[in-house]
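Subject: Structure for you to look at

Dear colleague,

I am passing on the structure we spoke about, and below it you will find my notes on what came out of it. Please read them with the model open beside you.

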Amino acid sequence: MADSGRQEQPGGAPDQQWTLYTDGASRKEGSGARLILTSPTGEEVTYALRFNFHTSNNEAEYEAMLAGLRLAVKMGAERVVALTDSRLSANQVSGEFEAKDKRMERYVKAVQQITGALKSFTIKQISRGNNRRAHALSKLVSTCFGHLSKEVLVEVLKERCIDERQVDSLSTAQPNWMTPIIDYLQHGILPDDHGEARKTRVRAPQYAMLKGTLYRKGYTTPWLKCIDDTARKLALKEAHAGSAGA
């Protein structure tokens, strides 16, 4: 099974700068956030987040930033500039301010853990006017999803990023449908069975390996990340567990 997630070939221009706009808002009706991730070639991915837990404005800002950074890493970004109108988060992450609150300290460490794997990371505070696109939608998603366009990806978070329970990595040690293709692409090894060897040789050109992960190539469509049966069941379970699961 393949899991869609990219609008262009994986790893496109990782050494160029990606730009991340984030904003979060907390209101009586609920909390939400928006992030806009822009690739070096100008493509934009817009994400709207709705929190099923109470947050302060500062916590909502951090949730948006963490979600955006995780998305950037998944897209293959290695150099990221984060732009936020939150003076507190910008200065805490840069080290100008000390995170005295325990929860803020955990948020800062979570950001540092992700950005530590990047080649470069810069965070800048910008005015609310320059971040008006993200700010406007963050307030909207804090109350409802009704006015969001179909081009905006929407996700409901049930718990804080810093409170997420650690789960064991899925084991891929057991052979699965991907094993013959990966063996052939990486080592030129074909199955002993003549029929399976022929099938693998025919299928292999449709796939590519990137940073140890198998992708189904797409020429007019996004590349698709290939997953095993265990991950497939988990993905389906998560897809049907959200607010739009039905």
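The term pLDDT stands for the predictor's confidence in each residue, from 0 to 100. This is a predicted model, in which local features need pLDDT of at least 70 and side-chain atom pairs count only at pLDDT 80 or more, while totals for chains, interfaces and linings use all residues. Residues are numbered from 1 along each chain as its sequence is written, and side-chain values use heavy atoms, with hydrogens and water left out.

The protein chain has an average pLDDT of 76, and 71% of its residues score at least 70. Over residues 136–150 the pLDDT stays under 50, and for this stretch the model has 37 contacts (heavy atoms within 4.5 Å) beyond four places in sequence. Residues 165–173 are also below 50, with six contacts beyond near neighbours in sequence.

Turning to the helices (DSSP runs of H or I, at least four residues, numbered from the N terminus), α2 (residues 87–94) and α3 (residues 102–115) pack at an angle of about 60°, with their axes (lines fitted to C-alpha atoms over the stretch in contact, with angles from 0 to 180 degrees between N-to-C directions) 10 Å apart. In this packing L88, Q92 and V93 of α2 meet M104, V108, V111 and Q112 of α3.

Finally, the side chains of R103 and E59 form a salt bridge (a side-chain nitrogen of Lys or Arg within 4 Å of a carboxyl oxygen of Asp or Glu), at 2.9 Å from N to O. This pair links distant parts of the chain, with R103 in helix α3 and E59 in helix α1 (residues 57–74), 44 residues apart. By this rule the count comes to four salt bridges.

Definitions and conventions:
Helix = DSSP H or I, 4+ residues; strand = E, 2+ residues; numbered from the N terminus.
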